[in-house]
Each structure stands twice: as structure tokens, then as C-alpha cells.
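Q: Please walk me through reading a ligand site and ring pairs in a model.

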Amino acid sequence: MAEITVHQGDLTRQRVDAVVNAANSSLLGGGGVDGAIHRAGGPAILAACRRIRSTDWPEGLPTGRAVATTAGDLPARWVIHTVGPVYDHHDDPAPLLRSCHVESLRVAVEVGARTVAFPAISCGVYGYPVDEAAPVAVAAVADALAELAGRLDEVRFVLFDDASHRAWRAALDRR
Ligand code: ADP
């Protein structure tokens, strides 16, 4: 059974097969973790995102979906881009946040990644409170791992700040 782990740190420095990007639907870069990934990974990631826009998702990637690109110069091999819900745009954003995690792991398995690191999707500019997001994210990953039995080794949540780190620790401890 794959392990779920919680770390505090910088997603762009993780030695895992795939890191998940909290992207926006344009896939053309942004602030927060998205900006950090493009800065550290170099122009190959943006070039791959542009190709996806001109082929599979001309209108942009819908909320809750995920796509994989090269990770460029990052230690990881793939970046999996997913679009989290803007907290205030939905009566119940939880199913969309859940979908981001499930779809990202589905894509990870598709490309052959066995270790995957997630940031706190939607918990920055998109305004999702960490105490609400953490249990949704952890449950989504646990359920997806049960379904994808044997195809993943580790899913690592990498939280940048103390508050999100505490929230994810608590969510994992309660399971
Ligand atoms: P969103 O638009 O989905 O809210 P953000 O990038 O604004 O995405 O924020 C998502 C989370 O990522 C926030 O908790 C933010 O503190 C965190 N974050 C920002 N930079 C990094 C990084 N280099 N590594 C890990 N987490 C990061």
C-alpha cells in the first residue's frame, strides 16, 4: 500500500517522479507555486503547456482536470498541472478539489510516475481555507490510492507555511 506523507518545504525541490502544479486554466503560468515551478523548471514547461493549449485544451484546462508535461530542469520527471476551484466561486468546492487530486493521480499512473508530490491546491490566491482543504485532499488521495492499488509508492504533501503544514498533519493524523 502506498504511503501518504506530509512535509513542510518547497515543492520545486522534491525528488519525486512527478510534482503537481496548482495551475490556472490558461496553463500559461501564474503566481504562487505555479510561478515557482516555471521559474525553477525553465522554459520547457511553458512550451509544453502551449502545445497542450493548441491541441487538447484550446479553451484552457477545466477546473478539476489534470494534464502532464515535462518537468524541465526540476529534479522531478513530470509536472502534472491541475486547476483547483476558486473557493468563492462554488457553493460546494469540495468535489472539485477532490477531483484535482484524483485526476492528478490518474495522470501520474498513466505516465508511469510512482512518487507524486502535491502542494496545497487552491489554498493560496484561490482562497480555500487550509483547515477545510486538508481533509478533502487527504481523503481524495487515500481513496484514489485504494483504487490504484500497487501502482504508486508515495504521495507526499509538501506544504509551504506553518498553518497549512499543521492542517495537513492534523488531517492525516485523524485518518
Ligand atoms: P492557488 O491559485 O491554487 O490558490 P497558489 O499557488 O496561490 O495556488 O497557492 C497554493 C499553495 O501553494 C499555498 O499554500 C502557497 O503557500 C503554496 N506555495 C507557494 N509556493 C510554493 C512552493 N514553492 N512549494 C510549495 N508550496 C508553495
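A: Start with the polar contact, a pair of N or O atoms within 3.5 Å; within protein, one must be able to donate a hydrogen and the other to accept it, and residues adjacent in sequence count only if both atoms are side-chain atoms. Here, an oxygen atom of the ligand lies 3.0 Å from a polar backbone atom of Val 125. This is a predicted model, where local features need pLDDT of at least 70, side-chain atom pairs count only at pLDDT 80 or more, and totals for chains, interfaces and linings use all residues. Residues are numbered from 1 along each chain as its sequence is written, and side-chain values use heavy atoms, with hydrogens and water left out.

Q: Which side-chain atom lies 2.9 Å from a nitrogen atom of the ligand?

A: That is a polar side-chain atom of Asp 10.

Q: How much of the ligand's accessible area does the protein cover?

A: Accessible areas come from the Shrake-Rupley method with a 1.4 Å probe; for residues, only the protein chains shown count as cover. The ligand on its own has 560 Å², of which the protein covers 90%.

Q: How many aromatic pairs are there?

A: Rings of Phe, Tyr and Trp (its six-membered ring) pair if their centres lie within 6.5 Å; planes under 30 degrees apart count as stacked, over 60 as edge-to-face and the rest as tilted. The count is three aromatic pairs. For Phe 157 and Trp 168, the ring centres are 5.9 Å apart and the planes are at 50°, so this pair is tilted.
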